Amino acid sequence: MKVIEGFRKSLVLTGFFALSIGPGSAQAADAPFYQGKTINVIAVDQPGGTGDLRTRVVTQFLQKHLPGNPNIVMQYIPNDILAANTLANVVKRDGLTLGRVNSSVYANAIFGAEGSRYKLADFSYFGGAEAGGPYLLIIRPGLGIDSVEKLKAYKGLRFANRNVGHTMYILDRMMAFTLDLKEPKWILGYNSQEIRLAMERGEADAQSNSIPSFMRGTQHWLKEGFSIPLIMKNIKGRGADVAPGFPQDRPSLDQFTDTEFKKAVLRFHNSIRPSGTVFVAPKGIPEPAFKALREAFNKVWSDPQFATEFNRITKEEPDPVTGEEVERVLEQAPKDPKVMEAYKQIIGAGPLPSSR
Amino acid sequence: MFDAAIQGLLNLGNFYVILAMAAGIAIGTFTAVAPQGLGTPVMYALLIPVIVRWDPIAAIAILIAMDAVSSICAAYLPILFGIPGGAGSQATILDGYPMGRRGEARRALGASFMAGMLGSLIGTFTLALAVPVAKPLIMLLGSPELFVVVLWGLTMVALLAGRKPIRGLIAAAFGLLISSIGMQPQTGVMRYVFFDNPYFMDGFPLSVVALALFGIPAALDMALTKIGVEQEPVPLLGKLWDGAKDCLREWWLVVRCSFLGVWVGIVPGIGAQTVDWLAYGHAAQTCKGAKETFGKGDVRGVIAPESANDAKDGGDLLTTLLLGFPQGVSTALFIAALLAMGFVPGPDMVNKNLDVIFSVVWILGLSGIVGSLVGFGLANPLAKIAQVRYSIMVPVILTFILMGALSADRDALDLLMVVLFGGLGYFMKRFSYPRPPLILGMLLGDLLEKYLYISTASYGIKWLARPSVIVLLVLTLGSLAWTLWSRREKKSDVEPKAVAEKTGWRFEPATLLTLLFLAVFVYAVLIGWEWTFVAKLMPLYVVAVPGLILALVQIYRDVTGSESSGKERTEQVEMEESFREGLDKRVAFRRTLGFFAWFAGAAVAIWLLGITIGLPLFVLLYSLIEGREKWWLALLLAAGCYAFLWGLFEAFFKVIWPSGFLFLMM
């Protein structure tokens with residue numbers, strides 16, 4: 001009986017392995033590269049969340065535009081650096097694994113952020129649905145700051161923000177650096193909702209935000225005495241025009257770069273942030289896969305139905321940036337060590353660099 | 001406003017809305033019993049692209065009903081399996097699981113669902129009535145006030161530590177230290193990021209720690225006693241209605257904890273994960289005789305966290321709808337759905353779509369009632385799970401734990417951490433180290449540091465002079481003093497006995513665990529010494545140095561015999577340990593070792609082969625070899641596990657699990 005039982009157990013285990021590994025799939029030589037295949041998209045999100053919603057709209061249209069109509073599935077690594085490390089060093093270069101990473105991927109690579117084990121050249125870029133921004137600086141009521149001049153004269157402005165290195169923190173610091181603000185302070189540790197409350201309670205004085213996000217969430221502040229002394233254009237040169245209801249007469253930060261050094265730092269800032277989010281693949285995927293992905297993504301970005309669907313699901317206007325645009329902007333980034341050193345200080349926690 | 005309330009109700013008089021609510025209730029029930037990783041946010045993300053094309057009220061109905069029922073039914077996992085049922089339902093384990101093991105699962109579930117229904121209704125009425133006062137209330141609480149509130153939460157360590165205050169404080173300090181892992185937002189300093197590994201940069205996942213600390217000892221208890229094989233399971237006692245009656249009898253506790261839940265829901269920044277612990281601590285502090293019965297299967301320890309957890313939804317929606325502030329991922333997605341349907345949560349929605357807000361109120365209330373009835377309906381058959389033999393239950397529980405752990409960061413280190421913390425959970429339980437203070441420290445450490453920093457950075461030290469801060473501080477210190485004083489009353493009965501037991505120097509195995517904590521605190525001090533003052537203030541001066549001193553004191557008490565440990569029955573808030581009584585020490589040791597070998601083996605199999613192969617393989621082998629189950633049953637269990645992991649996640653939801661190391665190498 002023991003022998004029979006042992007035989008049965010072996011049979012069960014063998015069957016289990018056979019079922020687990022599953023049948024392979026054959027592929028015709030002349031078929032599109034992605035026919036009958038599954039693409040795995042590694043997203044820097046938790047399942048759920050607004051970032052996940054945006055990515056799912058893109059992948060839905062990517063599937064439509066990729067010849068061969070591949071299956072697309074999602075995998076999540078909710079950590080910027082871990083996801084980029086995995087994409088650059090771990091996944092196979094077979095064109096079947098893509099990534100959707102945040103704009104921090106660029107600066108982390110350039111400045112060698114702690115834990116990052118990749119370079120910008122480790123990726124092929126396919127662009128993103130959002131260029132990011134344009135941005136604004138908003139000041140709470142009661143401080144009497146309604147112009148850039150008054151802002152520059154004010155001492156000890158308290159910016160509310162999330163953490164050192166966050167996109168909005170860097171924007172705060174770029175504005176403080178460019179405008180030579182007097183003794184600005186950063187109150188960090190809030191999440192985005194808490195920043196709104198902190199501004200309304202008077203716990204903080206100023207906040208950077210993207211104009212579309214401001215118009216979606218806190219547009220009513222415009223009627224409640226909050227002031228917007230200036231905006232900051234995005235990489236595509238767009239400003240207040242992205243939101244028709246937004247005051248169109250606000251000056252832009254680039255108008256206040258009164259030295260060549262400030263101009264160079266601002267140029268550097270823009271050039272290492274070519275998109276809000278970006279789809280990438282590890283460098284070295286098969287050429288047919290790269291070509292198919294480039295074309296398909298570019299078709300997604302220009303598809304009017306994509307724009308409608310993206311807007312319907314996320315209530316945001318897509319402002320796509322192509323892979324070619326991302327690569328071009330990155331290539332043109334200034335390489336001046338003095339500028340890079342100043343920028344490194346701006347994105348860090350210490351005092352701001354001298355603007356002269 | 002009355003017209004809007006009536007119109008809100010009339011909006012529900014549509015067949016599709018009713019159908020959507022029913023679907024939401026069904027999905028919510030499923031997400032409540034599904035392992036972590038398949039929660040409400042995932043369902044929201046999958047549903048929103050579809051439902052935003054529907055009639056708005058029907059779309060809202062499915063989302064709200066799903067969330068409400070998911071919270072109400074979340075008690076199944078802690079009561080029946082001894083594992084956390086997601087955020088807001090962790091503290092239920094402390095008394096719910098001992099009740100389940102004692103054969104009182106039906107009573108515990110009955111109490112939980114009745115508490116959930118009442119809590120949900122209180123949350124709903126508060127949502128309906130609080131429209132005019134919500135904003136002033138929220139504005140009243142700035143970071144200084146929130147700091148004191150978090151401090152109050154932390155003083156509950158004194159309650160959760162019971163008669164082992166020093167061990168409780170050491171556990172809490174360890175939890176606080178874990179909460180400081182990762183990048184400090186204020187300075188950008190990477191604290192305790194071991195080997196520069198990005199896994200630790202965003203902090204340490206609480207879900208992994210909670211699953212391991214509570215789930216592993218629960219599974220081990222079953223494996224030790226071989227329940228259902230060597231030891232007969234306790235017969236099912238009591239009825240659902242007994243639990244419901246308990247709940248009605250404790251109506252004042254329900255009301256208090258519900259309002260606590262509503263308040264936590266309303267105030268941005270406290271977080272849903274704390275609500276059950278705060279309510280549990282409040283109950284342990286105020287209920288008569290709690291010192292003796294809490295942690296050993298007191299139904300009030302189930303009623304308090306469950307009523308607060310379900311009432312929280314009302315408060316959460318209040319802030320979401322009236323102010324447009326989401327409190328978590330689910331409400332952030334709910335706002336995204338509302339925006340997609342043309343509603344702008346906040347003042348705009350109050351002015352233009354008050355009837356829709358009231359529809360949400362009605363849906364929440366109705367879902368609370370129907371969800372509880374569904375819970376009652378399922379409770380009787382599900383309560384029988386408590387009688388299933390260990391050879392089936394252990395692989396199922398470990399499946400939930402490993403799947404839940406891997407869902408946290410989807411990294412192989414999640415597996416390593418769940419094994420390490422599973423071991424720690426075992427030793428903490430074995431050597432009378434209370435585990436709840438560790439969780440509380442981990443939950444609140446981050447918030448404590450954040451609000452202290454923000455208060456000081458914004459206001460200097462002037463924040464200490466704010467009247468609201470002074471009032472809250474007096475209440476907090478008064479509450480702590482009351483707790484300590486009430487515990488001192490009995491100390492005189494215990495102290496002479498402990499002194500009498502002094503027999504000179506001695507060494508107990510528990511001291512090894514204290515030495516481990518001591519080593520961790522020393523390491524924390526050495527690593528953090530070079531950081532800036534702001535970066536090291538909390539982990540070093542507030543946590544590690546006091547933790548180090550406490551560990552030394554504890555070691556002294558251990559070796560001088562001034563505190564007996566281990567074998568002594570403690571009165572701390574801990575889970576019942578009586579199931580393994582009478583087991584031969586050698587057998588217990590062998591089985592414990594075997595259990596951890598299986599558990600670690602499962603984690604290694606998942607790492608090497610991926611979860612879709614590794615976990616079913618473990619289930620198959622465990623039930624065949626260790627459980628000596630029939631081959632067809634083992635195969636059925638493994639196939640069920642595979643169908644769940646691959647079929648539901650990968651095939652249906654298109655969510656891929658991380659690949660196994662071997663497949664990445666090939």
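Me: Which residues does Glu130(A) touch, not counting residues up to four places away in sequence?

Reply: Contact here is a distance rule: the C-beta atoms of two residues, placed from the backbone, lie within 7 Å. On that rule, Glu130(A) touches Ser275(A), Gly276(A), Thr277(A), Pro318(A) and Asp319(A), with residues up to four places away in sequence left out. This is a predicted model, in which local features need pLDDT of at least 70 and side-chain atom pairs count only at pLDDT 80 or more, while totals for chains, interfaces and linings use all residues. Residues are numbered from 1 along each chain as its sequence is written, and chains are lettered from A and ligands numbered from 1 in the order in which they are written.

Me: Where is the place of Glu130(A), and is Glu130(A) buried or exposed?

Reply: Helices (H or I, at least four residues) and strands (E, at least two) are DSSP runs, numbered from the N terminus. Glu130(A) sits in the loop between strand 5 (127-128) and strand 6 (135-139) of chain A. Burial is a neighbour count on C-beta atoms placed from the backbone: 20 or more others within 10 Å is buried, 12 or fewer is exposed, and in between is partly exposed. Glu130(A) has 22 C-beta neighbours inside 10 Å and so counts as buried. Its C-alpha atom is separated by 8.4 Å from that of Val278(A), 148 residues apart along the chain.

Me: Val278(A) is in strand 11. How many residues of strand 11 of chain A are buried?

Reply: Six of the six residues of strand 11 (residues 277-282) are buried, so the strand is largely enclosed by the rest of the structure. Thr277(A), Phe279(A) and Ala281(A) point one way, and Val278(A), Val280(A) and Pro282(A) point the other way.

Me: In what sense does strand 11 of chain A pair with strand 3 of chain A?

Reply: Pairing requires that DSSP finds at least two bridges between the strands. Strand 3 (residues 97-102) and strand 11 of chain A are antiparallel over four bridges, with Asn102(A) as the bridge partner of Thr277(A). Strand 4 (residues 123-125) of chain A also runs antiparallel to strand 11, joined by three bridges; there Phe123(A) stands opposite Pro282(A).

Me: What is the order of the strands in the open sheet of chain A?

Reply: The order of the five strands is 2-1-3-11-4, with mixed pairing. Strand 2 and strand 4 are at the edges with a single partner strand each, so one side of each has no neighbour in the sheet. On average, neighbouring strands are turned by 30 degrees against each other, direction ignored.

Me: How do helix 12 and helix 21 of chain B pack?

Reply: Axes are lines fitted to C-alpha atoms, for helices over the stretch in contact, and angles between N-to-C directions run from 0 to 180 degrees. An angle under 35 degrees is roughly parallel, over 145 roughly antiparallel, 65 to 115 roughly perpendicular, and the rest oblique. Helix 12 and helix 21 (residues 390-409) of chain B pack at about 170 degrees, with axes 10 Å apart, and are therefore roughly antiparallel. Residues that meet include Leu211(B) and Ile216(B) in helix 12, and Ile397(B) and Leu398(B) in helix 21. For classes, Ala, Val, Leu, Ile, Met, Phe, Trp, Tyr, Cys and Pro are nonpolar, Asp, Glu, Lys and Arg are charged, and the others, Gly among them, are polar. The contact has 16 nonpolar, three polar and no charged residues.

Me: Which domains is chain B divided into?

Reply: Domain bounds come from an automatic or database domain assignment. Chain B has domain 1 (2-388 + 435-486), domain 2 (508-568) and domain 3 (582-665). The C-alpha centres of domain 1 and domain 3 of chain B are 30 Å apart, and their contact takes six residues from domain 1 and seven residues from domain 3. Helix 12 (residues 206-225) gives the most to the domain 1 side, with five residues.

Me: How many residues of chain A are in contact with chain B?

Reply: 53 residues of chain A are in contact with 57 residues of chain B. Helix 7 of chain A gives the largest share of the chain A side, six residues. By class, that side has 19 nonpolar, 18 polar and 16 charged residues.
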